[in-house]
Amino acid sequence: MTPISTTKMSNFRWVICALLFLATTVNYMDRQVLSLTWKDFIAPEFHWTDADYGTITGLFSLFYAIANLFAGKFIDWMGTKKGYLIAIFVWSTGAVLHAGCGWAAMQIEGYSSVAELGQLTGDAAVAIATISVYLFLSCRLILAVGEAGNFPAAIKATAEYFPKKDRAFSTSIFNSGASVGALAAPATIPLLARAWGWEMAFIIIGVLGYVWMGLWMWLYEKPRQNKRVNQAELNYIEQDNDLADVQDRDAVKEEKAIPFFKCFTYKQTWAFLVGKFMTDGVWWFFLFWAPAYFSDQYGYTSDSTMGILLIFTLYFIVTVLSIGGGYLPKYFVENRGMNPYLGSMRAMLIFACFPVLGLLAQPLGAYSAWWPAILIGLLGAGHQAWSANLFSTIGDMFPKSTIGTIVGLGTMTGGLGSMAINMGSGQFFTWAAEQGAAFSFFGFEGKPAAYMVVFCICAVAYLIGWCIMKALVPKYKPIIVE
């Protein structure tokens with residue numbers, strides 16, 4: 001149905017942006033439940049080490065990477081509305097299933113209560129640790145498969161509802177849901193776990209996804225079919241098509257999709273893949289390990305007042321500063337006359353410098369735990385601003401019909417980078433703790449030295465990634481499918 005034309009432009013595209021923001025918030029809260037409960041609630045029950053947790057987070061990243069190889073194509077095939085619904089149903093179900101891992105471990109090993117598990121020693125403790133890791137990995141697999149659909153669907157919806165000049169800004173808004181989710185998580189999840197058990201934390205946060213599904217079914221349709229979008233807004237949304245004089249929008253032909261394997265023949269694809277591989281793992285490392293870092297290094301458990309304040313402050317900085325990341329390229333385009341790609345790349349270079357502050361987190365942490373919280377927060381803000389602009393380069397370069405596929409491929413490589421840093425860090429931290437003073441780096445010994453090594457890697461990853469991207473695609477070059 002063609003929307004009714006009115007003089008004043010409707011603004012329903014921002015309602016869609018708000019829904020994408022909510023979905024991304026729920027996505028990251030589901031992902032954060034484990035990182036905020038494993039060290040102080042789950043590990044004592046199942047006898048986990050850092051290496052066990054590193055294995056779970058690393059393989060989750062691998063599952064996520066593999067799922068993303070297909071998720072983008074799935075979203076392009078199913079369409080934005082149905083594809084997003086299926087994705088959030090799967091990941092919400094996977095989140096809720098985590099709550100049954102303790103009961104399942106108890107049944108498999110033949111114990112009468114979950115409370116018995118924490119009292120085990122020797123081979124029995126090793127056995128329960130092993131079986132619980134496999135059970136959690138099964139749930140993480142389901143969670144990863146569903147979550148893989150979030151960004152391909154969200155970026156596709158953004159391309160459908162926003163012109164190119166607004167995509168970086170709208171992407172930064174919904175992408176800030178990751179920061180808000182990470183911000184809300186430490187303020188709620190440890191308290192839920194302490195009040196009702198870690199199992200209930202997984203259930204309550206998982207159910208939020210089912211609520212979102214109802215809102216999406218009610219509000220989402222493509223712009224041309226959505227009765228809440230009038231003709232003036234539709235003209236604004238489709239201004240890049242240079243078809244403002246076309247009244248019957250249903251007659252506009254859909255763009256041809258790029259065949260899957262042909263996507264790999266474009267340097268634009270490889271630039272995006274490199275950008276994701278080099279930087280996604282940094283964000284996921286701090287997302288998964290920050291609560292354990294403050295617990296290990298300073299003794300602040302995730303449910304302590306100080307532990308909650310530190311994590312909350314970290315992600316508050318990320319949330320507030322990262323939203324402006326989408327405005328900077330808009331400024332470059334509208335006030336400096338740059339094309340969207342050049343504006344995004346200029347902004348990304350600026351944001352790539354923020355993570356360098358991570359080099360100071362460990363040294364200044366010797367004076368106060370607030371220094372790492374603030375500096376990691378600035379690093380995270382730089383990442384989120386970088387990520388929003390990185391996503392917007394896809395809409396600038398690729399036809400809408402292929403956006404989901406490219407996002408899926410990029411998120412896959414980001415997952416591979418995350419697997420490497422998270423699994424490697426878990427093994428590294430366990431080894432460094434065993435070595436003690438025998439392992440040193442920049443004046444730190446043992447596990448603190450291992451944290452310093454990882455922080456150094458995170459600090460330079462963005463600048464290296466930007467240089468490779470710029471070498472692959474030095475200037476704006478959109479892909480035209482004949």
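These legends walk you through several close-up views of a predicted model. Local features are described where pLDDT is at least 70, side-chain atom pairs count only at pLDDT 80 or more, and totals for chains, interfaces and linings use all residues. Residues are numbered from 1 along each chain as its sequence is written, and side-chain values use heavy atoms, with hydrogens and water left out.

View 1. T80 belongs to helix α3, which covers residues 80–97; helices here are DSSP runs (H or I, at least four residues), numbered from the N terminus. T80 counts as buried because its relative accessibility is 3%, where buried means under 20% relative accessible area with a 1.4 Å probe, protein chains only. Look for the polar contact between the side chains of T80 and E160, at 2.9 Å. Such a contact is a pair of N or O atoms within 3.5 Å; within protein, one must be able to donate a hydrogen and the other to accept it, and residues adjacent in sequence count only if both atoms are side-chain atoms. Beyond four places in sequence, T80 also touches other residues, including W216 and Y220; contact means heavy atoms within 4.5 Å.

**View 2. Helices α6 and α7 packed together.** Helix α6 (residues 150–161) meets helix α7 (residues 164–196) at an angle of about 145°, and their axes are 10 Å apart. The axes are lines fitted to C-alpha atoms over the stretch in contact, and angles run from 0 to 180 degrees between N-to-C directions. From α6 come F151, A154, I155, T158 and A159, which meet R167, S170, T171, F174 and N175 of α7.

**View 3. S344 in helix α13.** You will find S344 in helix α13, made of residues 340–351. With a relative accessible area of 2%, S344 is buried. Leaving out residues up to four places away in sequence, S344 touches P329, N389, S392, T393 and D396.

**View 4. I376 in helix α15.** Helix α15 spans residues 370–397 and holds I376. I376 is buried, at 3% relative accessible area. Although I376 and W283 are 93 residues apart in sequence, their C-alpha atoms are 9.9 Å apart in space. Neighbours within four places aside, I376 is in contact with F286, L314, A361 and F455.

**View 5. The cysteine C458.** Which cysteine has the sulfur closest to that of C458? It is C456, but at 9.2 Å the two sulfurs are too far apart for a bond. C458 is buried, with a relative accessible area of 0%. Across the whole structure, a search finds zero disulfides, a disulfide being a pair of cysteine sulfur atoms within 2.5 Å.

Key: Helix = DSSP H or I, 4+ residues; strand = E, 2+ residues; numbered from the N terminus. Buried < 20%, exposed > 50% of the residue type's maximum accessible area, 1.4 Å probe, protein only.
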